Amino acid sequence: MATMLVVSMHCRYCIIDEPTRCTSIKDAQYSCLVQDRTTSSEKSIQIYVLDRKEVHTCSVEISYDLSWPETAPDTDYLQECPRNYNGIISRRCMLNDGKNPKWDIPDFSKCTSKDVSLIHEKFKMLKAGYTPLSLDELLPGFLNYVFSVKLRPGEGAGILVLIEEIMEFLKEAKVGHGIMRNFTQTVVSALDVILSTQNALLFLKDVNSLQKALLEQLRISGSYISKYENFKWFNLSRNALDITLSAEAPSADTFYFPTANKKLRGQPWVSAKVKIQGLKLVKSDLLAGIVYRNLPLFFPSKSFLRVRDGTEIQYQINSQIITFVPLSLNRHSQSQNANLSIDFQHQLNTVNKNGSNNEWQLRCGYADIDSFAFFWDIYKCSVVHTNDQMSTCMCPKFGSFALMLVLTDPEKEVTSDEPHKYILISSFAIGIILTLFTTISLSTSCFLTKSSCITFLKLQCSISIVFCELLFAIAILLEPPQKYFMVYLSFLELFILLGISSHLSKLLIIFTEVIQVSTSASSKYTVMSITSGVPLITIFANHLTYKTMNLNLKSWWMLINSLASNMFIVVIFIITSLFIMIYFSVIKRLKDLIADKEKYDEAAEWRKDAKKNQVISTKIPPLNGIQVLMKNLNALRSNE
């Protein structure tokens, strides 16, 4: 009979009140190993020793029916979820100003209520066909839990997971119109409860998942509702959500959202209006307009975004968030341009808040569906200030929109980098033309005359320069999005290193000829392959490092002190060092060869003079033999 041993261990900190005792106590790691004949299991616990006078801690606290012990700063305390919940809860002891730590909000995102677990199990049985229950019978229990229990911080993430699983099931299953309509009402009501509960979502990725889940459900149910109810406008209004679906005829030139139809129940808190003109939709397309009442509360009160020149500026959302997109799987409908005009009501406040020369200015923030909650573009849309209570955003694309207060420097805002951009592009264009001419000339020489490997390496360097200039010009002109930063960076490093390594290859080929190694074509190509392989290995290592460490690139270029920049500098240093070392070796060898050749030429000249003197002595008999011998000795001394 097998016996299972459960070992529960938590990370602890040993806090010493007497500093004199700290010298005798050190950090340590303790492990508990359990094994039998076939398997083994090990758990470890790390003990850290802290000096109470030097390190301040988060004090003991009881909140959310849980006890939180004294914890060291900048660490997470883990414990089991409260009663009627399964999972692990974590809470971080934050160190804000470097001296006074305080507890962060507990994270219940990995805690699952037993009621939700029961509903989840019933749904799995329904999906596998093991229960006579229908989806329509599970929804009341799910909705009852959402309305009857106050959600804990982060608990909304678990509800989103269940909603996403049910939607995946509905994509493949054939359900009736009534079930689809009820599920849509349930999803909207559940999401409304999440948005109405403070801290129900703790992470921006959960905010992004919430909008994606809502749009996916509207995409699934929109076709059912429009087919069976034959509507032009359909509205769902809740405390924190206002959703409008439009099935207006594609021939209409202007759309208004929210609609002015009196039959639809609107919300008085909606403070934004959208007008769209000149839209050409596919016949089956539906337009979805969503107004989030308090979604900005789930964003940081103040955050930073990176602008075009690479600097970071502070911003905060100053309006409700609106999403306006076509519910279509047709990529043309999703990516097409649209003439959107959004009127935001707000309270304008550009008072100097931090006592510096900077000021807060109103900007229109734009985010597509994928980057929503992660990144805002303040350059996509233009803003027109109507008065202190209203501003209009003019945007060319579908997506999510918000009015933002951006902390800007007025002096820097006046200057524009557009002229500098065109100067750079013009210089790159001239460089591309010149290098293309060189590349064509070298290619013609290699093809017609079958030139040596040196010419081929010159061609490699020229082609690398052409592609580097093309990538620079495209990046400056188009400003690639963040998801393409790794592609641009990899190719830039590759072509730069290929161009530099071609010079090392040329020197190595000369070195092999100078030291009289085999000069066959295969050996030369081997040298070229080895030196050209260094950039490929570098790029592969750089790409693998960023992927395994899950690092995010901040630019398509190698920023100072970044991982890519440091690796690039190391490789350039190695190639340059090899080049210098081999260069001096070649120079030394050439000097030795020149010296040997000079000795050989002098010896040959001496033999030539000796032969000439011998001929003269035989042809001129009166010449004394002693004179001939003296001339030979003089020649010998001069040679020595």
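1. Axes here are lines fitted to C-alpha atoms, for helices over the stretch in contact, and angles run from 0 to 180 degrees between N-to-C directions. Helices (H or I, at least four residues) and strands (E, at least two) are DSSP runs, numbered from the N terminus. The model is predicted, with local features needing pLDDT of at least 70 and side-chain atom pairs counting only at pLDDT 80 or more, while totals for chains, interfaces and linings use all residues. Residues are numbered from 1 along each chain as its sequence is written, and side-chain values use heavy atoms, with hydrogens and water left out.

2. Helix 2 (residues 135-148) packs with helix 3 at an angle of about 165°, the axes being 13 Å apart. Helix 2 is therefore roughly antiparallel to helix 3 (angles under 35 degrees count as roughly parallel, over 145 as roughly antiparallel, 65 to 115 as roughly perpendicular and the rest as oblique). The crossing of helix 2 past helix 3 is left-handed, that is, the near helix is turned anticlockwise from the far one by less than a right angle; clockwise would be right-handed.

3. In this contact (heavy atoms within 4.5 Å), Leu135, Phe142 and Val146 of helix 2 meet Ile159, Leu162, Ile163, Ile166 and Leu170 of helix 3. By class, the contact of helix 2 with helix 3 has eight nonpolar, no polar and no charged residues. Ala, Val, Leu, Ile, Met, Phe, Trp, Tyr, Cys and Pro count as nonpolar, Asp, Glu, Lys and Arg as charged, and the others, Gly among them, as polar.

4. Helix 3 (residues 156-172) also packs with helix 4 (residues 177-196), at an angle of about 165° and with axes 11 Å apart. These two helices are therefore roughly antiparallel, and helix 3 passes helix 4 in a left-handed crossing. Helix 3 contributes Gly156, Ile159, Leu160, Ile163, Ile166, Met167 and Leu170, and helix 4 contributes Met180, Phe183, Val187, Ala190, Leu191 and Ile194. This contact has 12 nonpolar, one polar and no charged residues.

5. The axes of helix 1 (residues 114-128) and helix 3 come within 11 Å and cross at roughly 15°, so helix 1 is roughly parallel to helix 3. Their crossing is left-handed. Val116, Ile119, His120, Phe123 and Lys127 of helix 1 meet Leu162, Glu165, Ile166 and Phe169 of helix 3; these residues divide into six nonpolar, one polar and two charged.

6. The structure holds 13 aromatic pairs (rings of Phe, Tyr and Trp, its six-membered ring, with centres within 6.5 Å; planes under 30 degrees apart count as stacked, over 60 as edge-to-face and the rest as tilted). The rings of Phe299 and Phe372 have centres 6.3 Å apart and planes at 80°, so this pair is edge-to-face.
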